[in-house]
Amino acid sequence: MKITFPHMGNIWIPVKALFDYLDIEFVLPPQNSKRTLSLGTQHSPEGACLPFKLNIGNLIDAAAQGADTMLMTGGVGPCRFGYYGDLERDILADLGINLKLITLEPPDGSLTGLARRIKLAAGDKPWPRIIGAVKFAYGKALAMDRIEDIIHWARPRALNPRLAEEIYRQAQTELDQARDAKGVDRVVRDTRSRVRGLALKQDYEPLRVGIVGEIYTLLDPFSCHDIERHLGHLGVHVDRSIYISGWINEHVFQGLYKAYKDISHHKALAKPFLNHTVGGHGQETIGGAVDFARHGFDGVIHLLPLTCMPEIVAASILPQVSKSLQIPVMTLYVDEQAGEAGLLTRLEAFIDLIDREKRMNRRISDEQTVLGG
Amino acid sequence: MNRLYLGVDVGSVSTNLVLMDENREVRQGLYLRTQGRPLETIQKGLSQLKLDGGMINGVGTTGSARNLAAAVLGADVVKNEITAHAVASSNLVPGVQTILEIGGQDSKIIILRNGVVSDFAMNTVCAAGTGSFLDQQAGRLDIEIEDFGDIALTSKLPVRIAGRCSVFAESDMIHKQQLGHSMPDILAGLCEAMVRNYLNNVGKGKDIQAPVVFQGGVAANRGIRRAFEQALGLEIIVPEHFSVMGAVGAAILAQEAVAGGKPSCFRGLNTATSQFIASSFECSGCPNLCEIVQIGLEDNVLARWGDRCGKWAVQEVSPAETETA
């Protein structure tokens with residue numbers, strides 16, 4: 001069995017670790033690129049979302065490299081993603097590419113059903129080894145999240161943000177190569193100390209922007225034109241509502257593990273604005289925006305791929321959040337466009353807006369402190 | 001000598017240049033068609049500037065090709081068009097609270113309160129209801145775009161046209177036209193459809209309050225202006241320099257950028273005849289396969305962009321390295 005898994009940002013690092021640990025051959029598709037997108041768009045329904053099209057491109061590439069089995073995560077609820085695995089398998093079959101599909105999901109919420117599917121992917125390996133592999137891979141996911149957040153911190157503050165990108169790339173490579181839990185910890189430690197060694201801007205307090213929205217576009221830099229990097233280089237500290245470990249934990253392990261920046265409280269935070277599940281992460285998007293507002297962030301950016309149903313619902317509710325919590329929110333749709341000029345215009349204008357808002361609020365509060373009372 | 005400031009707005013459809021004096025009076029405004037050749041159009045604009053003994057003390061660029069323009073001209077400030085439009089409008093129309101801006105490919109709404117931008121939106125994945133669509137329809141109907149609005153104003157009974165998508169709008173227009181509706185009724189219907197689309201798509205959820213300024217190339221169209229007035233029930237102000245407001249904003253920002261005697265980075269008017277070479281290549285350094293664009297002046301590379309990693313940033317690459325790409 002040669003197994004493959006479509007890309008979604010850095011998720012390939014823990015997934016590859018899982019199969020390496022189990023000694024199962026894993027085919028890593030080439031990173032998302034214009035080529036992936038062209039391939040995917042050619043063979044996908046027009047109305048499907050960008051992540052679906054990139055999945056198709058990844059799977060065609062992986063099959064060409066000899067993959068015979070595809071692993072997908074599933075899901076229940078109104079988001080179409082839950083059915084992507086099956087649909088992708090059928091589209092590929094029509095193209096003469098026959099991949100076996102293993103959907104990692106807890107059917108009807110039962111963990112034994114999940115275990116059976118894991119066993120299907122793991123073959124004849126004994127359970128202790130499978131559990132060891134899952135733990136190791138999850139450790140890498142957690143480490144990746146920490147590294148991404150360290151880079152979020154470094155980009156706006158470094159005198160030369162390019163050096164932050166170099167540290168990031170080095171960390172990705174090293175984390176991929178780490179062979180045991182100690183090695184994984186070391187990569188995080190080393191990344192931290194490299195960032196500490198960077199020359200920083202003097203007395204610089206960056207604006208803080210929280211990114212919420214659909215998970216794929218949030219985690220995959222290709223699909224969102226690497227919005228985090230752009231913001232970072234424009235001097236903005238970025239955080240996001242979803243990190244990989246949180247997603248794996250929620251989707252696969254049913255909340256059994258501890259995730260990085262856990263968001264299980266986001267549903268409750270969303271309640272005053274949206275008290276019903278709308279599929280995908282629609283509710284978490286609202287909750288995330290509320291969370292960022294409460295933590296004093298200067299603005300929120302909402303990302304979604306065109307035609308994404310849960311996020312369309314969230315997009316129509318976010319103006320209420322913005323108004324009642326007084327935090328600027330900007331919604332950005334992504335689709336096939338390759339030009340970045342439009343994105344940069346919006347980002348720059350948004351930063352101008354929140355910067356002025358912040359300065360004005362500071363002025364008002366200064367006035368109140370000095371002249372009020 | 002008269003101190004002048006040059007504002008340049010390079011958009012998809014038009015390239016606008018404005019010469020502004022110290023008192024923020026517009027001395028000259030140029031509206032040129034970009035026609036897919038931003039570099040040549042900027043140079044053409046430069047050669048048409050009349051300084052009248054004045055001297056350019058600062059340059060600002062905006063619009064989707066603002067970085068290109070900045071590299072070529074040597075700009076003192078590069079700003080996004082939302083900020084530029086807001087700056088221009090609040091200078092020319094004090095107290096403005098809402099700006100409706102419809103350009104070639106972009107339409108935006110900007111909400112100002114107390115003179116600063118408090119909210120904005122831009123069309124994202126749809127270009128229905130922008131200048132290029134109107135252009136295209138005028139071309140198809142063989143009427144001058146300049147006459148479009150006046151013909152629409154003569155309509156007694158605008159027909160209803162689907163405005164949600166420019167493709168649907170076009171086929172709807174053709175169907176109505178084949179049924180025998182008159183040209184003014186169809187054009188007026190299109191104006192109403194565009195305004196409906198704009199308000200539902202770009203302006204959704206925004207708190208539109210007077211004074212409302214309408215600017216951008218499409219503001220020349222009196223049919224659209226009337227459709228806005230009817231839909232909003234508010235007076236619509238079209239400022240004198242409505243078609244070059246982005247450039248006006250860039251000029252004002254340039255004046256601010258060089259305030260305090262900072263020398264300008266402007267390369268000079270002879271830039272109009274310099275030989276700029278724009279070229280592009282695909283970097284094969286990693287699977288991102290970035291498309292790198294580079295602007296050269298004779299043997300020097302002035303600017304490069306398009307790379308995700310930053311390795312092609314100009315100051316760190318010698319001309320020899322480009323060969324190996």
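Q: What percentage of the 373 residues of chain A count as buried?
A: Let's start with the ground rules: this is a predicted model, where local features need pLDDT of at least 70 and side-chain atom pairs count only at pLDDT 80 or more, while totals for chains, interfaces and linings use all residues. Residues are numbered from 1 along each chain as its sequence is written, chains are lettered from A and ligands numbered from 1 in the order in which they are written, and side-chain values use heavy atoms, with hydrogens and water left out. Buried means under 20% relative accessible area, exposed over 50%, and partly exposed in between, with a 1.4 Å probe and protein chains only. Among the 373 residues of chain A, the share that counts as buried is 57%.

Q: What radius of gyration does chain A have?
A: The radius is taken over C-alpha atoms, and the globule rule is 2.2 Å times the number of residues to the power 0.38. For 373 residues, a compact globule would come out near 21 Å, and chain A agrees with a value of 21 Å.

Q: What share of the contacts in chain A with a separation of 6 or more comes from residues 24 or more positions apart?
A: A contact here means heavy atoms within 4.5 Å. Counting those with a separation of 6 or more in chain A, residues 24 or more positions apart account for 73%.

Q: Is A164(A) buried or exposed?
A: You will find A164(A) in helix α7 (residues 161-177) of chain A; helices are DSSP runs of H or I with at least four residues, strands are E runs of at least two, and both are numbered from the N terminus. Leaving aside neighbours within four places in sequence, A164(A) is in contact with I151(A), A154(A), R155(A) and L198(A). Its relative accessible area is 0%, so A164(A) is buried.

Q: How far apart are the C-alpha atoms of E336(A) and K53(A)?
A: E336(A) sits in the loop between β8 (329-334) and α15 (341-371) of chain A, and at 35% relative accessibility it counts as partly exposed. Neighbours within four places in sequence aside, E336(A) is in contact with L37(A), T41(A) and K53(A). Although E336(A) and K53(A) are 283 residues apart along the chain, their C-alpha atoms are separated by 9.5 Å.

Q: How many of the seven residues of strand β5 of chain A are buried?
A: Strand β5 covers residues 207-213 of chain A and is largely enclosed by the rest of the structure. The reason is the count of buried residues, which is six of the seven.

Q: Which residue stands opposite I211(A) in β7(A)?
A: Two strands pair if DSSP finds at least two bridges between them. Five bridges join β5(A) to β6 (residues 236-240), running parallel, and in β6(A) the bridge partner of I211(A) is R240(A). Five bridges also join β5(A) to β7 (residues 299-305), again parallel. In β7(A), the residue opposite I211(A) is I301(A).

Q: Which strands stand at the edges of the open sheet in chain B?
A: This sheet of five strands has the order β8-β7-β6-β9-β10, with mixed pairing. An edge strand has a single partner strand, so one side of it is left without a neighbour in the sheet; here the edges are β8 (116-122) and β10 (236-237).

Q: Which residue of β10(B) stands opposite V213(B)?
A: Strand β9 (residues 212-215) of chain B is joined to β10(B) by two bridges, and the two run parallel. Opposite V213(B) stands I237(B).
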